[in-house]
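This report describes the strand arrangement, the metal site and the aromatic contacts of one protein model. The sequence and structure are shown first.

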Amino acid sequence: MNCGNCGAPMTFVWDRDHFFCEYCKTSALLPGALSDVRVVDEKSGVDCTLCNAEMQVGSLQRERVLQCAGCRGLLIEQERFLRIVDGLRAAATGPPVIPAPLDRGALRRKIRCPRCKGVMNTHPYGGPGNIVVDNCETCRLVWLDTGELKSVINAPGSDRGKPPAKDADAPAD
Ligand SMILES: [Zn+2]
Ligand SMILES: [Zn+2]
Ligand SMILES: [Zn+2]
């Protein structure tokens, strides 16, 4: 993104969720909702493992993710994925959706890691949602096909719709 004021390329400041221009000190908010993938950069230098389209750099819950503009697949660092799931499930406001049964056929699919090109591990996800995930141990990345994150977020569970308590301990009564 270029600066609306001086035209220079802007830098994205992840923890503040905005673009900043080093030259004229203008800042611009990244539009959209924290719970959606918002595109920070059209170019990531990483091609989608399924459709070969170049993946975009996106922000989801202020975490850096890669999203394929073609098939909407997501590539997320494992630690970020865990934080994203916790955050989105806690923030969920819609009713839970019973996930479809695990697709056994999906367990047989083998895909390559978009970053290192090694064959990814394909296994049932240990959390909610009955999804099959692919992960690369080398790069510590998780691949999610389109719709899989939604299944995880919408699956029933007591952690849904419960924003974490404030840091300070609440009084007992
Ligand atoms: Zn500027
Ligand atoms: Zn794709
Ligand atoms: Zn890899």
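## Strand β5 and its neighbours

Asp41 stands opposite Val57 in β5. The model in which this pairing is found is a predicted one. Asp41 belongs to strand β4, which spans residues 38-41 and pairs with β5 in the antiparallel sense over 3 bridges. With strand β6 (residues 63-68), β5 also pairs in the antiparallel sense, here over 6 bridges. One of the residues involved is Gly58, whose bridge partner in β6 is Val65. The hairpin of β5 and β6 has 2 residues between the strands, and within this hairpin Gln61 takes a positive phi near 60 degrees.

Strand β5 itself, residues 55-60, is mostly covered, with 6 of its 6 residues buried. Met55, Val57 and Ser59 point one way from the strand, while Gln56, Gly58 and Leu60 point the other way; residues of both sets are buried.

Strands β4, β5 and β6 belong to an open sheet of 7 strands, ordered β4-β5-β6-β7-β10-β9-β8 and paired in the antiparallel sense. Its edges are formed by β4 and β8, each of which pairs on one side only. From one strand to the next, the twist averages 35 degrees.

Within this sheet, β7 pairs with strand β10 (residues 141-144) in the antiparallel sense over 4 bridges. Leu74 stands opposite Leu144 of β10. Helix α1 lies across β5, β6, β7, β9 and β10, and runs at about 105 degrees to β7.

## The zinc site

Which residues provide the protein donors of the zinc ion (ligand 2)? They are Cys48, Cys51, Cys68 and Cys71, each through its SG atom, at 2.2 to 2.3 Å from the ion. In sequence, these donor residues follow the spacing C-x2-C-x16-C-x2-C. Cys48 lies in the loop between β4 and β5, and Cys71 in the loop between β6 and β7 (74-77), so this pair ties together parts that are 23 residues apart in sequence.

The 4 donor atoms subtend angles of 92 to 129 degrees around the zinc ion (ligand 2), and the arrangement is therefore tetrahedral. Cys48 has 2% relative accessibility and counts as buried, whereas Cys71, at 22%, counts as partly exposed.

## Aromatic pairs

A pair of aromatic rings is described by the distance of the centres and the angle of the planes. The structure holds 3 aromatic pairs. In one of them, the ring centres of Phe12 and Trp14 are 4.9 Å apart and the planes stand at 90 degrees, so the pair is edge-to-face. Phe12 counts as buried at 11% relative accessibility, while Trp14 counts as partly exposed at 25%. Together with Phe19, Phe12 and Trp14 form one aromatic cluster.

Phe81 and Tyr125 form an aromatic pair that is edge-to-face, with 5.6 Å from centre to centre and 65 degrees between the planes. Phe81 lies in helix α1 (residues 78-91) and Tyr125 in the loop between β8 (121-124) and β9 (132-136), so the pair ties together parts that are 44 residues apart in sequence. Both Phe81 and Tyr125 are buried.

Definitions and conventions
Residues are numbered from 1 along each chain as its sequence is written. Chains are lettered from A and ligands numbered from 1 in the order in which they are written. This is a predicted model: local features need pLDDT of at least 70, side-chain atom pairs count only at pLDDT 80 or more; totals for chains, interfaces and linings use all residues. Side-chain values use heavy atoms; hydrogens and water are left out. Rings of Phe, Tyr and Trp (its six-membered ring) pair if their centres lie within 6.5 Å; planes under 30 degrees apart count as stacked, over 60 as edge-to-face and the rest as tilted. Buried means under 20% relative accessible area, exposed over 50%, partly exposed in between (1.4 Å probe, protein chains only). Two strands pair if DSSP finds at least two bridges between them. Donors are N, O and S atoms within 2.8 Å of the metal (3.2 Å for Na, K and Ca); water is not among the atoms, so sites may look incomplete. Four donors count as tetrahedral if all angles lie between 85 and 135 degrees; four count as square planar and six as octahedral if opposite donors are over 155 degrees apart and all others between 65 and 115; anything else is irregular. Axes are lines fitted to C-alpha atoms, for helices over the stretch in contact, and angles run from 0 to 180 degrees between N-to-C directions. Contact means heavy atoms within 4.5 Å.
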